Amino acid sequence: MTELRQRLAGLSMRARLLWGILLPVGLIVAINTVSLYRDTLRAVDTAYDRTLLASAKAIGELLGVDGSGEQARLVAAVPYAALEAFETDSRSRLYFRVLGFKGEMVSGYDDLPAWQGKLPDQGAYPALVDFYDDTFRGEPVRMAVLLQPVSGQTGMGLATIQVAETLALRRSLARQVLLHTLWRQAALLGIIAVVVWAVVQRATRPVRELSAALRERDADDLSPLQAPGLPAELAPLIVATNDALDRQARLLEHQKRFVRDASHQLRTPLAVLKVQVQSARQGDVEPQQALAEIDTTVARATQLATQMLALARAEQMRQQRDDMPVLDWADIVRAMALDLAPLIAKQRLDFDIHTEAAPIASHEWALRELTRNLLHNAIQHTPAGGRLAIALTVQAGSARLLIADGGPGLTPEQQQRLFLPFAVGEGSEGSGLGLAICQALVHSLGGQITLGNRVDGGRVVGLDARVDLPLHA
């Protein structure tokens, strides 16, 4: 069964339609042919049974009665020539036997099989006759048994007349009808096959033209397909293909932008690193100072490369959102707070955290990266001894993470610009990718992120970073 399915899966649309139409039609034709053959045999039997009945009646006309009373007996002088008029073809033969009033043999073939049946309740002919199939001398025959009343001047009785006819002619006529029917049915199947092939050939022409157009496209051509002549049934395929091309175009553009930004951003720390190495070789600075500067530059370059890779992974996750595990965001928030506890302690921050269970469909690294970046930014911008609060709450089918720091807040221009890659706020020493990564991760998870100043008495007292993510159903 599996092998058959694999073979069917490899068939073309034309072959599938041909087989899908011809197989059931062929099955119907076969059933109809068998039924027609049986109906033809019954019709032939009905027609030729008249000849058998006429033969039996002709024999009955030649019977007489000899004797009277209990001594009455049936006499017959039936030459075989009396049946020649009823032989319609040289392929058929007639045999007869006449039994007397007491079942004694009177005339005909003594070895003809005896009648074992009974008269039908409602026969097709107005006579005491029974028709059935039997075998005589190893050959199938059609048998007619006629109960014929015979009377004479001296007595009367009921004679049994059996007439058998070979079936060669009947079967030959039925086969002729069958062959003629098969030829017509075969011609019908051939016409259906030709029509289906022609219709499919014409119907699939736009598909072949579209395939040719796709093959002739340049490798970097991801513009939408324009196919106004395609059938309406293929419109969903064109829409899905254009959606796939649009996703590929966005992904390709992101990759190009990533390569461009990476080459631009990594050029500066690499150039600085090269100058520092040359200065160390020439002895312009002390070895320990040179190593410290090189270590700082390498650390910044490493952080930049790590964040750029995280940004690329976030964009890739936006393209592939299926089959993500379900995680409790609260566990990750507490784990990130514990990882950054040394920085919180170093700043002597008044820290508060509150979490509620929040099942989110996401990769663990995405939630960790999102939470770490927001919390790290809040710690950096909160002055020593300030207040930092984290609250993860669940409401209306979504989870909200609120990180409230005690920093100086942002100007409106900074709020619009800080989500852009490599945009650095005032006094920041980062690479400018943290918030861009957070925004990409939030959008890939179907959520929203906002930054807003917290105002008290007309004065900015801090910044609120708010992230809303949909809960897993």
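**Group meeting talk: a walk through a predicted model**

Hi everyone, let me start with the record: an unreviewed UniProt entry annotates residues 17-37 and 177-200 as "transmembrane region". UniProt positions are given here in the numbering of this model, feature names are shortened, and such annotations may be inferred rather than shown by experiment.

Before going on, a word on the ground rules. This is a predicted model, so to speak of local features we ask for pLDDT of at least 70, and side-chain atom pairs count only at pLDDT 80 or more, while totals for chains, interfaces and linings use all residues. Residues are numbered from 1 along each chain as its sequence is written, and side-chain values use heavy atoms, with hydrogens and water left out.

Back to those two spans. Residues 17-37 are 100% helix and 0% strand, with the end C-alpha atoms 30 Å apart. Residues 177-200 are likewise 100% helix and 0% strand, and there the end C-alpha atoms lie 34 Å apart. Helices here are DSSP runs of H or I with at least four residues, strands are runs of E with at least two, and both are numbered from the N terminus.

Now the overall picture. The protein chain holds twelve helices and 14 strands. Of its 473 residues, 34% are buried; buried means under 20% relative accessible area, exposed means over 50%, and partly exposed is in between, with a 1.4 Å probe and protein chains only. The chain exposes about 27900 Å², and carbon and sulfur atoms supply 56% of that. Those areas come from the Shrake-Rupley method with a 1.4 Å probe, and for residues only the protein chains shown count as cover. If you take contacts between residues at least 6 apart in sequence, 65% of them join residues at least 24 apart; a contact means heavy atoms within 4.5 Å.

Next, some aromatics. How many aromatic pairs are there? The count comes to four, where rings of Phe, Tyr and Trp (its six-membered ring) pair if their centres lie within 6.5 Å, and planes under 30 degrees apart are stacked, over 60 edge-to-face and the rest tilted. One of them is Tyr-95 with Tyr-109, an edge-to-face pair at 5.1 Å centre to centre and 80 degrees between the planes. Tyr-95 sits in strand 3 (residues 94-99), whereas Tyr-109 is in the loop between strand 4 (105-108) and strand 5 (129-136), 14 residues away. Tyr-95 is buried at 11% relative accessible area, and Tyr-109 is partly exposed at 21%. Tyr-95 also pairs with Phe-136: the ring centres are 4.9 Å apart and the planes meet at 65 degrees, so this pair is edge-to-face too. Because Tyr-95 is in strand 3 and Phe-136 in strand 5, the pair ties together parts 41 residues apart in sequence. Phe-136 is buried, at 4%.

Which of its residues are buried? They are Trp-329, Ala-330, Ile-332, Val-333, Met-336 and Ala-337. They cover an arc of only 165 degrees around the axis, which puts them on the same side of helix 8; the arc is that of the directions from the helix axis to the C-beta atoms.

Arg-348, in the loop between helix 9 (341-347) and strand 9 (350-355), has phi near 55 degrees and is exposed at 59%. Ala-396 has a phi of about 55 degrees, lies in the loop between strand 11 (387-395) and strand 12 (398-404), and is exposed at 83%.

Last stop: strand 14, residues 459-470, where we find Asp-464. Is Asp-464 buried or exposed? At 13% relative accessibility, Asp-464 counts as buried. Its side chain makes a polar contact with the side chain of Arg-454 at 2.5 Å. A polar contact is a pair of N or O atoms within 3.5 Å; within protein, one must be able to donate a hydrogen and the other to accept it, and residues adjacent in sequence count only if both atoms are side-chain atoms. Leaving aside neighbours within four places in sequence, the contacts of Asp-464 include Leu-402, Ile-403, Ala-404 and Thr-450.

In the segment after strand 14 comes Ala-473, exposed at 96%. Ala-473 and Ala-361 are 112 residues apart in sequence and 9.1 Å apart in space, C-alpha to C-alpha.
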